[in-house]
Each structure stands twice: as structure tokens, then as C-alpha cells.
Amino acid sequence: MGTNNQTWVSEFVLLGLSSDWDTQVSLFVLFLVMYLVTVLGNVLIVLLIRLDGRLHTPMYFFLTNLSIVDVSYATSIVPQLLVHFLSEHKAIPYLSCAAQLFFSLGLGGIEFLLLAAMAYDRYVAVCDPLRYSAIMHGGLCTGLAVSCWISGSINSLVHTSITFQLPTCTNQLIDHVSCETLAIVRLACVDTSSNEVAIMVSSIVLLMTPFLLVLLSYVQIISTILKIQSTEGRKKAFHTCASHLTVVVLCYGMAIFTYIRPHSSPNTLQEKLISLFYAVLTPMLNPMIYSLRNKEVKGAWQKLSGQFSGLRSKLAS
């Protein structure tokens, strides 16, 4: 299936984290628990926002999208990872690998763009509160969310296409936990400079540009907060942004470190850990961050718990 000695393989083999059986079993249990917590936490956040009318605001509209992205991103990687922990032959078919790359890249890009949209929402809430409802109307929020999903998907489609056009000349071993862009590009037996340029351009458009917008938003937000006279007022304004700021630091930090320098010498263990951080840890932590640091979400949890308790009492009687 090749021309000019350039061949394509029918499957890849993911080397994963470890070849030791006991270690793999331990990792299987750990990541299974984390994945279940991730799915449960994000699904509960989405249901809570849908059921509580007080949370039908732009901030929670974007949070719903973020939770859907998080659980989808984890699902694009973790189930395959769990299967491989208990498999002797850790193969993934060519098309499955391409699909995994498409979904993980797309969902990752969508998340970065959503965080920028959420930063704008927080900017308007703190810096122009009197016009917040007029500015952050339903049409704008829907338009921003749809733009995030479309832009991330198009970027992923382009990257997946150009990555899987590279011949690997029978190189099948991917030294990674999933089908990740840089790991696949390194398998190519042809010049990959155009792919590296594409990765850099994508990093600027979908990573650095949203990051700069977030940064500018928080410069204005912090400037506005410092002008508030009362300590209580400053605390209240800061708490409206604290959860989002925490998630921004988690999501953007390692991504910039990983993708903005594709020419640098790779540390494969470091790349694997960063990939797992995004696939497992960040989606698991996001619902906790927004729940533990947000009075409105905690109030909605208490209200919903009370309703379930009342319903259970009625059924028991």
C-alpha cells in the first residue's frame, strides 16, 4: 500500500506508561476511578444547571458547554487507555487513531476558546455590571459558543488530515498513551517541517490568541476590582472570577509549554503526563473547582438535595 517506498500502516501500537503488569493493573484502577468521578461530576453539573432556574445565566451556559467538552475529551482518550492497561497487544487501528486525534484536538481547541468567552463574560460582569444583561444576551452567548465549537472542529479536521497524510514507512510504535499530534508526526519518514509550521500557527491562533484575550480581560478585571472602595465589594468581585481563573491557569499553562515549541527536544514521559493531565485530571477537577468555590452552585446543590430528601420521605410514607 505504498508508492516510492512511502508506506502507511494499518494499525499503531501505543507504548503507554509502563510494561509492568502490576503497575498497569494499579493504573487501571486509578484511572477508572478518576474517569467515573469525571463523568459523574460533569454530568451532575450539567443537570444541576438545567434544573435550577437561578443558574440560567451566561456564566453557567458557558460552564455547561465546558462540562460537555470535558467529559467528551476524557471519553475520547481514557476508555482506550483502560483497555490497553489490561491488554498484552496495545494496538489501535489506523482509523481509530485518526478519530481519537480528531476528537481530542477538536475538544481541546474548543475548551481554550470557551475559556476566552468565559473571560469576556467575567469582564463584562465586573467592569460593566449595569449593562451586563444587555451585552451578554442569549444571542451573543449562543453565537460565541457555536463559534468555539466550529473553530475547534475545523482546526482539528485540518490537523488530523495533514498529520495522517504523512507516510510512516512501517513505523508503528507510538511512544505515548494516545494518538497525539507530535508523537505521530515523529513517526514520519519524510520531511515534517510543514506540519511543525502548522502546529505553530494553530498554537498561535487557538492557544496564544485566546490566552492573550483572557490576559487582557483579567488586567481590566483586576484594575476594576482594585478601584472598589470596600473590602467586601472587592471580595465579592474577586469570587465571581476565582473559579474561572483557576481553570484558566490549569488549562493554558501546560498547553503553551507543550505546543508552542514543537522543535524542542521531546521528553516523552513529560508529554505523556501532560496528556493525562488534560484527559483525566483537569476534567475531574473542573466540576470540583466550580462547586467548592461558588456559592450559587453550592446553594443549588443544597436545594436539589432537599428536594430529593422530601421526595424520598413522601415515597417512604
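**Pocket, salt bridges and surface patch**

Biologist: Is D175 buried, partly exposed or exposed?
Modeller: This is a predicted model. D175 has 31% relative accessibility. Buried means under 20% and exposed means over 50%. D175 lies between those cut-offs, so it counts as partly exposed.

Biologist: Which residue forms a salt bridge with D175?
Modeller: The closest N and O atoms of the pair are 2.8 Å apart. D175 sits in the loop between strand 5 (173-174) and helix 6 (181-185). Its partner lies in helix 9 (residues 268-292), 97 residues apart from D175. That partner is K272.

Biologist: Is K272 buried or exposed?
Modeller: The cut-off for buried is under 20% relative accessible area. K272 has 8% relative accessibility, so it counts as buried.

Biologist: How many salt bridges does the structure hold?
Modeller: K272 with D175 is one of them. D52 with R54 is another, the closest N and O atoms being 3.0 Å apart. The total is four.

Biologist: Is D52 buried or exposed?
Modeller: D52 pairs with R54 in a salt bridge. Its relative accessibility is 4%. Under 20% means buried, so D52 counts as buried.

Biologist: With which side chain does R122 meet in a salt bridge?
Modeller: The N to O distance is 2.8 Å. Both partners are buried. R122 is also among the residues that lie nearest the centre of the largest pocket. Its salt-bridge partner is D121.

Biologist: How much space lies in the largest pocket?
Modeller: The pocket is lined by 20 residues. R122, K236, H239, T240 and E296 lie nearest its centre. The space is about 680 Å³.

Biologist: Which helix gives the most to the lining of the largest pocket?
Modeller: Helix 2 (58-85), helix 3 (94-127), helix 8 (231-259) and helix 10 (295-316) each supply at least two residues. The top contributor supplies five. It is helix 8.

Biologist: How many residues of that lining are charged?
Modeller: The lining also includes eight nonpolar residues.

Biologist: Where does M288 lie?
Modeller: M288 belongs to the nonpolar patch. At 35% relative accessibility, this residue counts as partly exposed. M288 lies in helix 9.

Definitions and conventions:
Residues are numbered from 1 along each chain as its sequence is written. This is a predicted model: local features need pLDDT of at least 70, side-chain atom pairs count only at pLDDT 80 or more; totals for chains, interfaces and linings use all residues. Side-chain values use heavy atoms; hydrogens and water are left out. On a 1 Å grid over the protein atoms alone, a cavity is a set of points where a 1.4 Å probe fits but cannot get out, and a pocket is an open set with protein on both sides within 12 Å along at least five of seven lines; lining residues have an atom within 4 Å of a point. Grid points are joined across faces, edges and corners, and a volume is the space filled by probe spheres set on the points. Helices (H or I, at least four residues) and strands (E, at least two) are DSSP runs, numbered from the N terminus. Ala, Val, Leu, Ile, Met, Phe, Trp, Tyr, Cys and Pro count as nonpolar, Asp, Glu, Lys and Arg as charged, and the others, Gly among them, as polar. Buried means under 20% relative accessible area, exposed over 50%, partly exposed in between (1.4 Å probe, protein chains only). Patches are made of residues with over 30% relative accessible area and no salt bridge: like charges are joined within 9 Å, nonpolar side chains (Val, Leu, Ile, Met, Phe, Trp, Tyr) within 5 Å. Accessible areas come from the Shrake-Rupley method with a 1.4 Å probe; for residues, only the protein chains shown count as cover.
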